Amino acid sequence: MTEVLRAERVTRVLPGAIPVTLVRDVSLSIGRGEFVSIQGPSGSGKSSLLYLLGLLDSPSAGKVWLDGVDTSAFGEDELAEVRLEKLGFVFQFHFLLPEFTVLENVMLPMARLGRLSPEERSERAETLIADLGLGDQLRKRPDQLSGGQRQRVAIARAMANEPLVILADEPTGNLDTAASANVQQILSRVAHDLNRTVVAVTHDSDFARAGDRIIRIVDGRIESDG
Amino acid sequence: MPLGLRIALVHLTSRRRQSLMSLLGIALGVAFFMAVSSLMRGSERDFIERLVDSAPHITVSDEFRTLPPQPVTLAYSGGAVALHGLKPKTETRGIRGYRQKLAFIADMPGVRVAPVLSGQAILTFAGKEQGVTINGVVPELMAGVSDIDEKFVAGSLDALSADPNGIVIGRALARKLYLDMGDSLNISSPTGLVRTVKIVGLFETGTSAVDENQAYVLLKRAQALLGRTNRANRLVIQLDDPYAARELATAIESQVGYRAQSWQEASENLMSVLLIRNIIMYSVVSAILVVAAFGIFNVISTVVMEKRRDIAILKSIGFHAKDVRRIFLAEGAIIGGAGSLLGIALGYGLIAALGVVKIHPPGVSQAVNMPVYWGIDQILMGVAFAMISAAGAAYLPARKAGRVHPVDILRGGMT
């Protein structure tokens with residue numbers, strides 16, 4: 001399996017009067033098309049590790065490699081560009097722009113990347129949304145959708161620029177059982193059918209078991225990986 | 001529509017009332033800037049126009065910038081003896097050899113010149129006396145250097161040539177003394193001469209000081225009355241190009257010897273007053289725009305605070321800090337631009353309304369319209385100032401937005 005994401009002795013310390021170590025000396029490698037779940041107790045550093053792997057945060061020590069490229073020397077703009085082209089994010093509280101429609105929210109990353117014409121963007125966004133079963137909700141705004149529907153829109157937005165990796169932070173943390181199962185199935189399909197890497201932080205053991213691999217984090221360290 | 005602009009518009013419409021108030025602030029600022037600037041420029045131009053049109057462009061007077069040395073000083077220059085209590089050489093006042101000097105100046109291209117002998121006299125009629133300045137003129141030459149001909153309500157300056165005993169006075173003075181066209185009155189000079197003169201013209205300039213205190217007679221008549229035969233005490237010069245007055249005055253002074261004063265030099269004090277007035281007024285009007293800019297700062301700062309989560313989303317998606325900054329700068333530009341457009345319309349209305357207001361300035365006998373100036377430059381200045389204020393007001397919150405660290409927001413939103 002081709003390696004897509006690699007962390008090499010990554011540590012993240014929050015500076016302050018009393019420095020707090022969020023992630024401690026973590027090394028891991030994730031391959032293309034893998035569905036990886038990260039589990040651990042609250043405050044164990046799993047979300048912090050996800051932000052480091054997603055290049056939203058920079059490690060205090062160590063390196064993160066994405067698609068064979070060491071990102072440790074990248075500036076803020078380069079990191080933003082890599083996130084735009086190669087990464088997609090799904091958060092617990094969907095984080096859609098409330099004033100924009102479903103279609104516009106999904107088109108947002110494509111518009112920023114600027115590789116497609118407005119017509120192509122619209123066409124692709126409509127296909128993605130329809131694939132997730134929301135073809136009839138295109139013109140609705142996020143507040144007109146249910147929690148599960150919003151999360152599916154967030155997944156469609158994460159898929160917009162055909163990223164190598166989708167990083168999800170507690171994607172089912174705010175959903176009921178049925179909606180959680182639906183989101184888990186979608187992410188599983190994204191990994192296995194579309195050959196995208198999915199890294200998801202979760203408290204949900206059923207969700208975690210659906211993954212190919214579970215990484216357990218305790219006190220910022222990897223306790224188990226397999 | 002570009003994405004950043006779309007987001008900026010969405011942000012502003014989400015705080016509709018606040019955005020509208022900021023926009024109105026800018027609009028009023030631009031409108032007042034335009035109106036006040038129009039009035040200032042209008043009054044300044046009006047003033048300069050009056051100055052250039054009514055006053056001589058250059059006046060050669062019977063004075064010297066540097067007093068010529070007395071004969072005794074020349075005779076004993078550098079001597080060991082100091083002489084005190086000397087009486088200067090007595091001369092008839094006025095420009096000596098004014099005819100030659102007049103001819104020399106008249107030969108210059110683009111120059112019109114006329115001699116004037118002015119002095120004090122008293123008009124007497126029906127037991128009433130009124131002190132006036134009499135101006136001895138050559139009517140045909142005076143027409144070339146003064147617009148007094150256009151101010152006549154009866155008779156003309158030329159009528160003086162037909163009647164050597166004629167006098168021209170202001171209508172206000174005539175009313176004061178119960179006089180009218182064709183009436184005769186006595187004129188007494190400081191030399192004690194008394195002559196009877198006939199009114200052959202009445203003028204009305206609208207300026208009380210002129211209409212009540214100035215009178216015109218033939219130059220020869222004035223020379224006789226004031227006892228200054230073959231003298232004029234002023235050479236009044238008008239130029240085709242009034243703005244060449246300063247240089248030409250220097251050239252004339254160096255040739256004729258007497259003091260030649262350009263209209264710019266004569267009005268230097270007034271010009272500096274105008275400059276100070278402009279600085280004060282522009283500062284006050286600009287302050288309105290600065291205050292309006294605080295409104296923009298307020299609305300954009302609020303939006304930045306409210307939309308921190310959206311900013312974090314945009315940055316996590318891959319928006320650069322500069323993309324985020326541009327969104328909020330665009331918000332400032334939208335308010336500044338829309339406010340300016342509305343302000344231009346309001347400003348035009350305000351200027352038009354001010355232009356029809358009649359005022360009665362002190363010292364002017366007729367009501368006049370407020371002098372307004374319609375110029376593109378004042379609009380550009382107003383808009384430029386508004387846009388700079390708006391950009392300045394948007395910059396700080398935009399910079400703050402660009403510095404939002406997505407992880408701080410995302411972590412806070414998920415715990």
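This is a predicted model: local features need pLDDT of at least 70, side-chain atom pairs count only at pLDDT 80 or more; totals for chains, interfaces and linings use all residues.
Me: Why are H2(B) and H12(B) called roughly antiparallel?
Reply: Helix H2 (residues 16-54) and helix H12 (residues 268-306) of chain B pack at an angle of about 170°, with their axes 8 Å apart. Axes are lines fitted to C-alpha atoms, for helices over the stretch in contact, and angles run from 0 to 180 degrees between N-to-C directions. Angles under 35 degrees count as roughly parallel, over 145 as roughly antiparallel, 65 to 115 as roughly perpendicular and the rest as oblique. H2(B) and H12(B) are therefore roughly antiparallel to each other.

Me: What makes a residue buried, and what percentage of chain B counts as buried?
Reply: A residue is buried if 20 or more other C-beta atoms lie within 10 Å of its own, exposed if 12 or fewer, and partly exposed in between, with C-beta atoms placed from the backbone. Of the 415 residues of chain B, 40% count as buried; in chain A, buried residues make up 48% of 226.

Me: Why do strands E2 and E5 of chain A stand at the edges of the sheet?
Reply: The open sheet of four strands in chain A has the order E2-E1-E4-E5, with antiparallel pairing. Two strands pair if DSSP finds at least two bridges between them. Strand E2 (20-31) and strand E5 (69-70) each have a single partner strand, so one side of each is left without a neighbour in the sheet.

Me: How do you know that E1 and E4 of chain A pair?
Reply: Five bridges join strand E1 (residues 3-14) to strand E4 (residues 61-66) of chain A, and the two run antiparallel. In this pairing, Thr11(A) stands opposite Ala61(A) in E4(A).

Me: What makes two residues a contact, and how many residues does each chain give where the chains touch?
Reply: Two residues are in contact if their C-beta atoms, placed from the backbone, lie within 7 Å. The contact takes 19 residues from chain B and 23 residues from chain A.

How values were computed. Residues are numbered from 1 along each chain as its sequence is written. Chains are lettered from A and ligands numbered from 1 in the order in which they are written.
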